[in-house]
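I opened the model today to look up a few contacts. My notes follow in the order I worked.

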Amino acid sequence: QAGIIPPKIQRETESKELLAFLPDFIRSRESVGRSDRYLLQVENQCRKVFKDCGWRNIRDVTPASFEQWRNKQKASPITRNRYLESVL
């Protein structure tokens with residue numbers, strides 16, 4: 001409203017597809033010694049949450065949309081918490 005726009009890096013990040021960040025995120029988990037099995041699980045869980053919640057960009061990600069999705073899941077509380085851990 002006042003003519004002040006967000007920094008360029010923020011504008012570029014907000015418009016980038018969320019899936020484009022996933023390889024870097026997985027590499028960051030790999031760099032701390034996570035197993036291949038764990039990395040695959042995290043990637044698959046992230047992809048599922050992104051798709052099911054309709055998250056295309058960072059601006060689409062909200063705690064409310066995740067909680068709404070998570071509460072609809074029939075999985076055990078432990079499994080639902082693993083999805084939360086995966087997307088953090």
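**Entry 1. A residue in α3**

Which residues does Val-42 touch, not counting residues up to four places away in sequence? I found Phe-25, Ile-26 and Ser-86 on the list for Val-42. Contact here means heavy atoms within 4.5 Å.

Before going on, I noted the ground rules. This is a predicted model, where local features need pLDDT of at least 70 and side-chain atom pairs count only at pLDDT 80 or more, while totals for chains, interfaces and linings use all residues. Residues are numbered from 1 along each chain as its sequence is written, and side-chain values use heavy atoms, with hydrogens and water left out.

I placed Val-42 in helix α3. Helices are DSSP runs (H or I, at least four residues), numbered from the N terminus. Is Val-42 buried or exposed? I read 2% relative accessibility for Val-42, which counts as buried. The cut-offs are under 20% relative accessible area for buried, over 50% for exposed, and partly exposed in between (1.4 Å probe, protein chains only).

I also checked Val-42 against Ile-26. The two are 16 residues apart in sequence, and their C-alpha atoms are 7.7 Å apart in space.

**Entry 2**

Two packed helices are described by the angle between their axes and the distance between the axes. I looked up both values for each pair.

The α2 and α3 axes come within 10 Å and cross at roughly 150°. That makes α2 roughly antiparallel to α3. Axes are lines fitted to C-alpha atoms, for helices over the stretch in contact, with angles from 0 to 180 degrees between N-to-C directions. Angles under 35 degrees count as roughly parallel, over 145 as roughly antiparallel, 65 to 115 as roughly perpendicular, and the rest as oblique.

I noted the crossing of α2 and α3 as right-handed. A crossing is right-handed if the near helix is turned clockwise from the far one by less than a right angle, and left-handed if anticlockwise.

Which residues meet here, in α2 and in α3? From α2 I listed Leu-22, Phe-25, Ile-26, Arg-29 and Glu-30. They meet Tyr-38, Leu-39, Val-42, Glu-43, Cys-46 and Arg-47 in α3. The residues of this contact divide into seven nonpolar, no polar and four charged. Nonpolar covers Ala, Val, Leu, Ile, Met, Phe, Trp, Tyr, Cys and Pro; charged covers Asp, Glu, Lys and Arg; the others, Gly among them, are polar.

**Entry 3. α5 and its partners**

I took α3 with α5 next. Their axes come within 9 Å and cross at roughly 95°. The two helices are therefore roughly perpendicular to each other. In α3, Gln-41, Val-42, Gln-45, Cys-46, Lys-48, Val-49 and Phe-50 meet Arg-82, Tyr-83, Ser-86 and Val-87 in α5. I counted by class: six nonpolar, three polar and two charged.

Then I turned to helix α4 (residues 63–72) and α5. Their axes come within 10 Å and cross at roughly 155°. That makes α4 roughly antiparallel to α5. This crossing is right-handed. Phe-66, Trp-69 and Arg-70 in α4 meet Arg-80, Asn-81, Tyr-83, Leu-84 and Val-87 in α5. This contact has five nonpolar, one polar and two charged residues.

I looked at Pro-77 too, in helix α5 (residues 77–87). Pro-77 is exposed, at 52% relative accessible area. From Pro-77 to Arg-56 I noted 21 residues in sequence and 26 Å in space, C-alpha to C-alpha.

**Entry 4. Salt bridges**

How many salt bridges does the structure hold? I found three. The criterion is a side-chain nitrogen of Lys or Arg within 4 Å of a carboxyl oxygen of Asp or Glu.

- Arg-27 and Asp-24 meet at 2.2 Å, N to O. They are three residues apart in helix α2 (residues 22–30), so about one helical turn separates them. Arg-27 is partly exposed at 46%, and Asp-24 is partly exposed at 45%.
- Glu-43 pairs with Arg-47, with the closest N and O atoms 3.2 Å apart. Both lie in helix α3 (residues 36–53), four residues apart, about one turn of the helix. Glu-43 is partly exposed at 24%, and Arg-47 is partly exposed at 38%.
- Lys-48 pairs with Asp-52, with the closest N and O atoms 2.9 Å apart. These are four residues apart in helix α3, so about one helical turn lies between them. Lys-48 is partly exposed at 33%, and Asp-52 is partly exposed at 37%.
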